[in-house]
Amino acid sequence: MDKTRILQQGEEAKFQIAIKDFDMDANDFKVELVYGYRRTTVEIDKSQMVHSGDGKYFFTFDTDGMAGRVTAICTWQVPDTDYQDGYRQETDEQYLCFVTS
């Protein structure tokens, strides 16, 4: 386990999000954080993220009440004319951090 990703419960965490081969400025995306044995979910929409002047996106979350492994599920809408609504949904799930008390 990456020891730099062990967070103390009650801290505010900040992570950068980058979606390869996707125009993050022009299209919609979100991140869902999943933690605990009950798989509690916290959803962070693009509109809630910080957009830096150099085009990077960052999301933050409070770890108060979290414990254990935190997984991030990123979902984004890819423009695709083969779909009736004009978008194809893609997802990626990755380990994000571990929150300890």
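This is a predicted model: local features need pLDDT of at least 70, side-chain atom pairs count only at pLDDT 80 or more; totals for chains, interfaces and linings use all residues.
An open sheet of 5 strands runs in the order E1-E8-E7-E3-E4, and its pairing is mixed. The edges are formed by strand E1 (6-8) and strand E4 (40-45); each has a single partner strand, so one side of each lacks a neighbour in the sheet. From one strand to the next, the twist averages 30°. Within this sheet, strand E3 (residues 29-35) pairs with E7 in the antiparallel sense, over 7 bridges. Leu 33 is found opposite Ala 72 in E7.

The largest pocket has a volume of about 340 Å³. Its lining consists of 17 residues, of which Gln 16, Ile 17, Ala 18, Asp 92 and Gln 94 are the closest to the centre. At least two lining residues come from each of strand E2 (12-17), strand E7 (68-79) and strand E8 (87-100). By residue class, the lining of the largest pocket comprises 12 nonpolar, 2 polar and 3 charged residues.

The count of disulfides is 0. Cys 74 takes part in no disulfide, and the nearest cysteine sulfur, that of Cys 97, is 16 Å away. A disulfide requires two cysteine sulfur atoms within 2.5 Å. The sulfur of Cys 97 has its closest cysteine sulfur in Cys 74, and because the distance is 16 Å, the two are too far apart for a bond. Cys 74 counts as buried because its relative accessibility is 10%, a value under the 20% limit. Cys 97 is also buried, with a relative accessible area of 0%.

Notes. Residues are numbered from 1 along each chain as its sequence is written. Side-chain values use heavy atoms; hydrogens and water are left out. On a 1 Å grid over the protein atoms alone, a cavity is a set of points where a 1.4 Å probe fits but cannot get out, and a pocket is an open set with protein on both sides within 12 Å along at least five of seven lines; lining residues have an atom within 4 Å of a point. Grid points are joined across faces, edges and corners, and a volume is the space filled by probe spheres set on the points. Helices (H or I, at least four residues) and strands (E, at least two) are DSSP runs, numbered from the N terminus. Ala, Val, Leu, Ile, Met, Phe, Trp, Tyr, Cys and Pro count as nonpolar, Asp, Glu, Lys and Arg as charged, and the others, Gly among them, as polar. Buried means under 20% relative accessible area, exposed over 50%, partly exposed in between (1.4 Å probe, protein chains only). Two strands pair if DSSP finds at least two bridges between them. Axes are lines fitted to C-alpha atoms, for helices over the stretch in contact, and angles run from 0 to 180 degrees between N-to-C directions.
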